Amino acid sequence: MTLRLTMVGLGADISGTLAARDAGAELHVDLELENHVDFDRNRIGLVALHPLTVAGSPLRVRHPSGATTETAFPVHVAPDQPARDISGLTWRVGNREHRLRFDGDVFEMEDQRNWTDASFKTYSTPLERPAPVMQRAGTTVHQSLVLASEPAPSAERATRLAASPPEPPIVRFQPTDRPVPAIGIATTTHWSGHGWSRRASPASTPQLDFVLVEVDARADSVRGALERATGEANGAPLDVRIVADDASHVERAVAELPAQGVVRVGVFSARTHATEPALWAALQGFVRRRALDVELIAGTRGHFAELNRLPVGAVPEDVAMTFGASPQVHERSRAQLVESLAVQGTVTGEAARIAKGAAVHVGPVTLLPRFIATEPLPPVVAGPFAGSPPGSTDIDARQWAPALAAWTIGSAASLAGAGAASIAYFETTGPRGVRDEDGDAPVAAALAALREISGWQLLEPSGQVDRDVWLIAAQEPSSVRRRVALVANLAATVRTVVLERRRVRVPSASWIRIESDRDW
């Protein structure tokens, strides 16, 4: 199979071919590209993605020098590259050995779980090399890889194909000692200069457990940003995230905090988007001076990658941690969205390990990244919402799709199962919003259902039904013992779920709510 490739954009004009050839026990992939104009590039070439099932598997790395290194795919999410200087990889899963050979550049591997991707990625051009590099017109890129693997015996393959679909397992529940996380929403960050693409009045904001607001303390209008957030909160308390350059900015923001109605306060550098020791010390001191009864949180306003890369000792022990999440840092396919759900729970568990038992607060969770975490925030720009960090202009039309409601139930199930104390989703209005002037987006109903059971006793299911079906169940902490389960189906076809004694069918890309005053 040969595909012709053309790429015009970002200053580049490239054409070429991608050829894949089945050679029995080997797969050969060849990439030939020709550049037609001068342009700056970071990296160009092939990428190999390794599934999460290889975590913990022994790994032999072959280097361009011919030397080899014995290691393993990481079990814990690796903050840095698990393998570098790669010309070949050999690994074993079960009784099957796989070999991958690269040509045309030097490759290295990163753990994409840092960004809730369900993969390890091996890519070309090591990050330690200077970038960008001028790619001259007329130059070519040639890369290839060869994957060799023991084929499955034909008899085994035939048996799998002939087997009838299994009956859905019976899902049973056990009470845990954890509550369902508090459910919140972030304030709006989008302003086009000409108005909202989707507008709503603050009074129409859905009632949730809290509203997360980021305030840029470098600006003079911190008070205005907090007042706007209070209006959008509709009576819910604020979770305030301060963005600052130095202690004076932290002092300015803390001085403007209302004496009541704030549940959490965190601080992050406008340069690194992470909590830095000097800023953390300033926050502690100024909050103590005002005698505010709030929970202090540290970590990052970026992805788990930034939290995972904080230096040891950067934040004192026994401090609640936070990070944001977006499933589409590297890819925007439907499969990417669905596969990210399990990894959200993985990184939350890793954050709990870093926090050494302290609470983990996740959010905002958004479909697209809100900013580029490797770049500092731009200078403060005066505007109608000065005092709030600017949001990305990227818009994902799926924000208003019914399937996002099912995805959000799945996300909450994954995060709650991993021990999240709170989760903030999306924004009140705007392209990442849950309501506009015409009413609620479908995801608003899912958030309301999650908020109904927040604080209830979390029930742990006996096992995942299948990878595309997610459920979160809880028991009301009262003598009534009312139970509620939210079941989401992210599969392309209808799924049947058996909850103890109750059998339910969940349509594709949808969710249902089930209530009972006894076992289902």
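**Close-up views of a predicted model**

View A. R353 is part of helix α6. Helices (H or I, at least four residues) and strands (E, at least two) are DSSP runs, numbered from the N terminus. The model is predicted, and residues are numbered from 1 along each chain as its sequence is written. Local features need pLDDT of at least 70 and side-chain atom pairs count only at pLDDT 80 or more, while totals for chains, interfaces and linings use all residues, and side-chain values use heavy atoms, with hydrogens and water left out. R353 counts as partly exposed, its relative accessibility being 40%; buried means under 20% relative accessible area, exposed over 50%, and partly exposed in between (1.4 Å probe, protein chains only). From C-alpha to C-alpha, R353 and G235 lie 34 Å apart in space, and 118 residues separate them in sequence. K356 occupies the loop between α6 (334-355) and β23. The phi of K356 is positive, about 55°, although K356 is not a glycine. K356 is exposed, with a relative accessible area of 54%.

**View B. The closed barrel is built from parallel strands.** Eight strands follow one another in the order β17-β18-β19-β20-β21-β22-β23-β24. Two strands pair if DSSP finds at least two bridges between them. The twist from one strand to the next averages 25°; axes are lines fitted to C-alpha atoms, for helices over the stretch in contact, and angles run from 0 to 180 degrees between N-to-C directions. Strand β22 (residues 320-325) runs parallel to β23, to which 4 bridges join it. M321 stands opposite V360 in β23. Helix α2 (residues 222-233) packs on the sheet and touches β18 (210-216) and β19 (238-244); its direction makes about 165° with that of β18. Contact means heavy atoms within 4.5 Å.

**View C. The open sheet has antiparallel pairing.** Its 8 strands are arranged as β1-β2-β3-β14-β10-β9-β6-β7. The edge strands, β1 (2-9) and β7 (68-72), each pair on one side only. Neighbouring strands of this sheet are turned by 15° against each other on average, direction ignored. Strand β10 (residues 96-103) pairs with strand β14 (residues 140-149) in the antiparallel sense over 6 bridges. R101 has V146 in β14 as its bridge partner.

**View D. Nonpolar side chains form the largest core.** A nonpolar core is a set of buried Ala, Val, Leu, Ile, Met, Phe, Trp, Tyr and Cys residues joined through side-chain atoms within 4.5 Å. In soluble globular proteins, nonpolar side chains tend to be buried together. The largest core holds 90 residues, of which V240, I242, V250, V254, L283 and I472 touch the most other members. Helix α7 (residues 403-417) contributes the most to this core, with 9 residues. Leaving aside residues up to four places away in sequence, V254 touches I242, L283, F286, V287, R290 and L292. A second, separate core of 24 residues includes F39, L46, F107 and M109.

View E. On a 1 Å grid over the protein atoms alone, a cavity is a set of points where a 1.4 Å probe fits but cannot get out, and a pocket is an open set with protein on both sides within 12 Å along at least five of seven lines; lining residues have an atom within 4 Å of a point. Grid points are joined across faces, edges and corners, and a volume is the space filled by probe spheres set on the points. The largest pocket has a volume of about 1,400 Å³. Its lining comprises 36 residues, of which N42, R43, L127, H330 and T374 lie nearest its centre. β1 gives the most to this lining, with 4 residues. The structure also holds 4 cavities of 30 Å³ or more, and the largest cavity contains about 80 Å³ of space. Among the residues lining the largest cavity are R301, H303, S326, P364 and F371.

**View F. Backbone features are shown.** Most residues other than glycine have a negative phi, and most peptide bonds are trans. The bond from G363 to P364 is cis, with omega about 0°, and P364 is located in strand β23 (residues 360-365). The peptide bond from A131 to P132 is also cis, with omega near 0°; P132 sits in the loop between β12 (119-124) and β13 (133-135). E500, which is not a glycine, has a positive phi of about 55°. E500 is found in the loop between β30 (495-499) and β31 (502-506), and counts as buried at 11% relative accessibility.
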